[in-house]
Amino acid sequence: MALRLKEGALELGRGAAVLGEVQDAKMSRRHAQVRFDGQRFWVTDLGSQNGTFVDGAAIPTGTAHEVQRVVRMGDSLFVPSMDVRPLEAHGVEVVEGFVRGPAMQGLLREVSQARLGHSLYIHGESGTGKEGVARAFHALSPRHGGPFIAVNCAAIPESLAERLLFGARKGAYSGADVDAQGYLQSADGGTLFLDEVVELDLAVQAKLLRVLENREVIALGASKAQRIDLHVCCASNKGLRAQVASGRLREDLYFRIGRPDVSLPPLRQRPEEIPLLLERGLSPGRSLHVSLVEECLRRPWPGNVRELMSELGVAEHSAHLKGASRVEGGHLKPDAGAAFGPALSQPSEAPRAPPRKAPSKAKPLPDDERTRIELALRQHGGNVTATAEALGMHRTHLRRLLARHDIAVPDTDEEA
């Protein structure tokens with residue numbers, strides 16, 4: 001459900017007309033006010049019985065608190081968004097087991113437009129669902145009745161790459177007792193998906209280029225080429241142009257596989273998908289507690305959907321060991337879904353204590369931690385909020401570290 005703020009503010013509570021039929025018995029009649037000041041979202045508890053939680057921590061009544069990720073009122077969760085129109089227009093759907101929010105639906109529309117071509121390049125972070133997009137490309141193409149062959153190029157030993165990709169004839173090498181098809185021959189009439197294609201050796205890239213241009217492949221030890229007809233879909237978490245510039249990808253191969261291209265947004269930019277992903281990832285007989293969804297919405301998930309599903313399994317196991325039928329936020333590991341740095345604090349049922357004043361002589365920050373923070377600041381253009389999110393820490397904590405250890409912040413338009 002998408003809610004609009006009228007004149008920059010909205011009062012929420014049990015019986016509020018904007019919530020329609022979706023009413024939460026644990027919310028008070030006048031529970032909290034959400035306000036947008038043009039740049040940030042603020043929440044004020046209006047004296048609710050069960051409290052209001054901002055980013056996992058209870059807030060005192062009557063004081064406005066800035067929202068970074070999620071607000072909990074009763075058993076209801078609210079995620080701030082600068083523009084709810086895409087969610088209003090498209091919602092979140094599940095198609096053939098694939099959870100698709102507005103961003104993913106828009107990307108798949110781009111894929112649909114590319115379906116008549118011979119190639120597609122998918123750029124996205126590890127674990128975002130690139131193979132799912134490749135399968136959608138295959139399903140939409142004229143070759144959808146043919147095979148879909150997925151290959152993880154990063155997992156192919158360099159010495160075996162040619163044999164596995166192009167096949168081999170009997171006697172081509174010691175131990176070759178029978179003819180063996182390669183991935184390219186296996187994908188004939190369908191789609192070959194090459195994940196992390198930049199991991200292939202340059203010599204193998206050259207041979208792959210010839211196959212894609214000539215539409216024929218010569219197996220190791222063969223004297224005659226075999227005609228093939230296929231689509232090729234490539235993916236990587238790296239920008240292909242940068243890989244060409246660094247010498248890891250052939251320029252001529254880039255022009256064959258690099259266009260058209262689509263960019264798959266990370267999970268932290270698709271929070272509306274998280275509840276459904278969790279619900280569908282649960283084992284039969286298990287149920288979700290709102291605290292688990294809240295905790296998952298708080299975290300940046302650098303490993304994206306793959307990490308989310310993996311940590312859900314760990315949380316389920318923890319719930320099983322404790323004899324719980326529902327999986328709660330407390331069953332999630334403290335470092336699950338966090339950036340590779342300090343673990344997130346556990347959710348609190350009481351207001352946070354005011355931070356202690358830093359001692360006049362702070363303990364030196366380890367060099368690797370300073371480097372990690374400085375690199376993240378540069379990557380996010382000095383935006384402290386975005387940097388804190390990427391590092392898996394609260395913005396206030398990051399600001400303290402910057403001040404305490406005299407770490408310079410690059411120029412930015414962000415307000416202090």
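The following dialogue explains how to read several features of this predicted model.

Q: Which strands pair with S13, and over how many bridges?

A: Strand S12 (residues 148-152) pairs with S13 in the parallel sense over 5 bridges. S13 also pairs with strand S16 (residues 231-236), again in the parallel sense and over 5 bridges. Opposite Asp 195 of S13 stands Asn 152, and in S16 the bridge partner of Asp 195 is Ala 235.

Q: How does one read the two faces of a strand, and which residues of S13 lie on each side?

A: The general idea is that side chains in a regular strand alternate between the two faces of the sheet. In S13, Thr 191, Phe 193 and Asp 195 are on one side, while Leu 192 and Leu 194 are on the other. Both faces are covered, and all of these residues are buried.

Q: What pairing joins S11 to S17?

A: Strand S11 (residues 119-124) and S17 pair in the parallel sense over 4 bridges. Within this pairing, Gly 124 is positioned opposite Leu 264 of S17.

Q: How is an aromatic pair described, and how many does the structure hold?

A: A pair of aromatic rings is described by the distance of the centres and the angle of the planes. The structure holds 3 aromatic pairs. One of them is formed by Phe 36 and Phe 41, with 4.6 Å centre to centre and 35° between the planes, and it is tilted. Phe 36 counts as partly exposed because its relative accessibility is 24%, whereas Phe 41, with a relative accessible area of 13%, is buried.

Q: What geometry do Tyr 254 and Phe 255 adopt, and is each ring's residue buried or exposed?

A: Tyr 254 and Phe 255 form an edge-to-face pair, 5.3 Å centre to centre with 70° between the planes. Tyr 254 is buried, at a relative accessible area of 5%, but Phe 255 is exposed, at 56%.

Q: Where does the charged end of Arg 72 sit?

A: The charged end of Arg 72 sits over the ring of Phe 53, at 4.1 Å from the centre of that ring.

Q: How are packed helices described, and at what angle do H9 and H11 cross?

A: Two packed helices are described by the angle between their axes and the distance between the axes. For helix H9 (residues 274-281) and helix H11 (residues 304-321), the axes come within 10 Å and cross at roughly 50°. H9 and H11 are therefore oblique to each other, and H9 passes H11 in a right-handed crossing.

Q: What is the relation between H9 and H10?

A: The axes of H9 and helix H10 (residues 290-298) come within 10 Å, crossing at roughly 125°. H9 and H10 are therefore oblique to each other. The crossing in which H9 passes H10 is right-handed.

Methods. Residues are numbered from 1 along each chain as its sequence is written. This is a predicted model: local features need pLDDT of at least 70, side-chain atom pairs count only at pLDDT 80 or more; totals for chains, interfaces and linings use all residues. Side-chain values use heavy atoms; hydrogens and water are left out. Buried means under 20% relative accessible area, exposed over 50%, partly exposed in between (1.4 Å probe, protein chains only). Two strands pair if DSSP finds at least two bridges between them. Rings of Phe, Tyr and Trp (its six-membered ring) pair if their centres lie within 6.5 Å; planes under 30 degrees apart count as stacked, over 60 as edge-to-face and the rest as tilted. A charge sits over a ring if NZ of Lys or CZ of Arg is within 6 Å of the ring centre and within 35 degrees of the ring normal. Axes are lines fitted to C-alpha atoms, for helices over the stretch in contact, and angles run from 0 to 180 degrees between N-to-C directions. Angles under 35 degrees count as roughly parallel, over 145 as roughly antiparallel, 65 to 115 as roughly perpendicular and the rest as oblique. A crossing is left-handed if the near helix is turned anticlockwise from the far one by less than a right angle, and right-handed if clockwise.
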